[in-house]
Amino acid sequence: MMRKLFMLAIAALLAYFYYTHRTPDDWISGHVFVVDGDSIDVLDRRVELFGIDAPEVRQTCIDADGAEYRCGETAANTLTDIIGDLPVRCEPKQRDEHGRAIARCFLGDHDLAAVMVANGHALADRALSADYIDEEDVARTMKRGMWQGSFTPPREWREKSGQNP
């Protein structure tokens, strides 16, 4: 009985260290193709940016002058401009229901999700994480990106339009 408990404890410790002490070898890195404001393809692997929700490419918002604009396209273009031709590195955190990696991605030392939220081109995904709430508060206060006018939150827009990520 003691041997079984010991083996179980060892297995639990190994699982803990595997999931909490990932090495850079587990990371996904390389040049990217931007799919939308919170999705990229890294070496043909779809990666969703952890902790944020950006408008879908076809989604529109209303700007400060009351004019409709394609905020989803703007978000995707902004992420493309931020990354340019530089490689990114992504630390997988989990997988979504479609098997895609949900990862914290970096360009140098800059967290891409934090940059997108701070510039108002994505929302903090409070259902997944509280990591980017401060950046969202600053973007809202400074009326950056989508916060300059009005918009439907991306999750709500997808539900209404039948659009799946």
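The model is a predicted one, in which local features need pLDDT of at least 70 and side-chain atom pairs count only at pLDDT 80 or more, whereas totals for chains, interfaces and linings use all residues. Residues are numbered from 1 along each chain as its sequence is written, and side-chain values use heavy atoms, with hydrogens and water left out.

The mean pLDDT of the protein (the predictor's confidence in each residue, from 0 to 100) is 87, and 84% of the residues reach 70 or more. Over residues 4-23, however, the pLDDT is below 50, and this stretch has two contacts in the model beyond near neighbours in sequence, a contact being defined by heavy atoms within 4.5 Å. Where pLDDT is low, the predicted coordinates should not be read in detail.

The secondary structure comprises five helices and 11 strands, assigned as DSSP runs (H or I, at least four residues, for helices; E, at least two, for strands) and numbered from the N terminus. Of the 165 residues, 41% count as buried, where buried denotes under 20% relative accessible area, exposed over 50%, and partly exposed the range in between (1.4 Å probe, protein chains only). Among contacts with a separation of 6 or more, 56% are accounted for by residues 24 or more positions apart.

A search of the whole structure finds two disulfides, a disulfide being a pair of cysteine sulfur atoms within 2.5 Å. In one of them, the sulfur atoms of C61 and C71 are 2.1 Å apart, and the torsion about the S-S bond is about 65°, so this disulfide is right-handed. The pair links distant parts of the chain, with C61 in strand β6 (residues 61-62) and C71 in helix α2 (residues 71-83), 10 residues apart. A disulfide also joins C90 to C105, with an S to S distance of 2.2 Å; this link is right-handed, with 115° about the S-S bond. Because C90 lies in strand β8 (residues 88-95) and C105 in strand β9 (residues 101-107), the pair ties together parts that are 15 residues apart in sequence. Both C61 and C71 are buried, as are both C90 and C105. When the bonded cysteines are numbered in sequence order, the pairing is 1-2, 3-4.

The largest nonpolar core contains 26 residues, of which I40, V47 and C90 touch the most other members; such a core is a set of buried Ala, Val, Leu, Ile, Met, Phe, Trp, Tyr and Cys residues joined through side-chain atoms within 4.5 Å. Two or more residues are given to this core by each of β3 (39-42), β4 (45-49), α2, β8, β9 and α3 (112-118), and the largest share, five residues, comes from α3. A second, separate core of seven residues includes Y69, L123, A139 and M146.

Within helix α2 is found T78, which counts as buried at 17% relative accessibility. A polar atom of the T78 side chain lies 2.8 Å from the backbone oxygen of T74. Leaving aside neighbours within four places in sequence, T78 is in contact with M116 and H121.

Note on methods. Polar contact = N/O pair within 3.5 Å; in protein donor to acceptor, adjacent residues only side chain to side chain.
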